[in-house]
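Please open the model in your viewer and keep a selection tool at hand.

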Amino acid sequence: MKLNRWIAALLVLSFAAGGAFAATDKAKKQAEVRKSTHAALAKFYKAEPQLKKEVAKAPGYAVFTTFGLSFIVGGEGGRGLVHNNRTKKDTFMKMGQASAGLQAGIAENETLIVFKTAKAMNEFVEKGWEFGGGGSLSAGAGGKTAGGGSGENVIADALYYTYTKTGLEGGGAVAGTKFWKDDELN
């Protein structure tokens, strides 16, 4: 009987410790995403100072850091967050993209989405779809971007900026992009 009590006690302690480690791991990952978000915002503000005012007066914004590889077909994925300027709440999200076309490259990109309306921000968080195509040539190294890797696009009541952090990519492709809530971090 004493052995059973010890086993039960050890099981309870291991489950409690596992939960504590999971909470610590979640907080650590959230902190990493927030740190990446603030670093990316600083780069966007340095490159285009007027963005700071646009972000401050907007209902909210999203920032994603993504990594991708393409050669005819490609894929890209990453994490980020949507920040509601009114409530100060962060919603952690993931991003995935598949593409096909005349393209080649490998790159790490940072994307800033500035929402023009609260409705657009809420729809992005809840639905998160975007579909698009186009072409560009961009290169980045040491935190500098050259080519078409940065700039403003307007999508669904939002301004969309991309900055190539490192890598080289070029071509034209049709791409499907999905953003969704990160259940692991929310």
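Begin by selecting lysine 43 and glutamate 110, which form a salt bridge whose closest N and O atoms are 3.5 Å apart; a salt bridge here is a side-chain nitrogen of Lys or Arg within 4 Å of a carboxyl oxygen of Asp or Glu. This pair links distant parts of the chain, with lysine 43 in helix 1 and glutamate 110 in strand 2, 67 residues apart; helices (H or I, at least four residues) and strands (E, at least two) are DSSP runs, numbered from the N terminus. Glutamate 110 counts as buried at 2% relative accessibility, whereas lysine 43, at 25%, counts as partly exposed; buried means under 20% relative accessible area, exposed over 50%, and partly exposed in between (1.4 Å probe, protein chains only).

Before moving on, note that this is a predicted model, in which local features need pLDDT of at least 70 and side-chain atom pairs count only at pLDDT 80 or more, while totals for chains, interfaces and linings use all residues. Residues are numbered from 1 along each chain as its sequence is written, and side-chain values use heavy atoms, with hydrogens and water left out.

Now zoom out to the whole chain. The protein chain has three helices and six strands, and its pattern along the sequence reads α-α-β-β-α-β-β-β-β. Of its 186 residues, 36% are buried. Among contacts (heavy atoms within 4.5 Å) between residues at least 6 apart in sequence, 74% join residues at least 24 apart.

Next, select aspartate 182 and arginine 79, another salt bridge, with the closest N and O atoms 2.7 Å apart. Aspartate 182 lies in the segment after strand 6 and arginine 79 in strand 1, so this pair ties together parts that are 103 residues apart in sequence. Aspartate 182 is buried, with a relative accessible area of 1%, while arginine 79 is partly exposed, at 27%.

Glutamate 184 lies in the segment after strand 6 (158-181) and lysine 29 in helix 1 (residues 2-47), so the two tie together parts that are 155 residues apart in sequence. Glutamate 184 is partly exposed, with a relative accessible area of 38%, and lysine 29 also counts as partly exposed, at 23%. The structure holds eight salt bridges.

The side chain of asparagine 109 makes a polar contact with the side chain of threonine 164 (3.1 Å).

Select helix 3 (residues 118-126) next, and colour its buried residues, which are Ala120, Met121, Phe124 and Val125. They cover an arc of only 135° around the axis, which puts them on the same side of helix 3; the arc is that of the directions from the helix axis to the C-beta atoms. The face turned away from this buried side carries the exposed residues Lys119 and Glu126.

For the last stop, go to isoleucine 72 in strand 1, which has a positive phi of about 65° although it is not a glycine. Most residues other than glycine have a negative phi. Isoleucine 72 counts as partly exposed, at 43% relative accessibility. Lysine 88, in the loop between strand 1 and strand 2, likewise has a positive phi of about 65° without being a glycine, and counts as exposed at 57% relative accessibility.

Definitions and conventions:
Polar contact = N/O pair within 3.5 Å; in protein donor to acceptor, adjacent residues only side chain to side chain.
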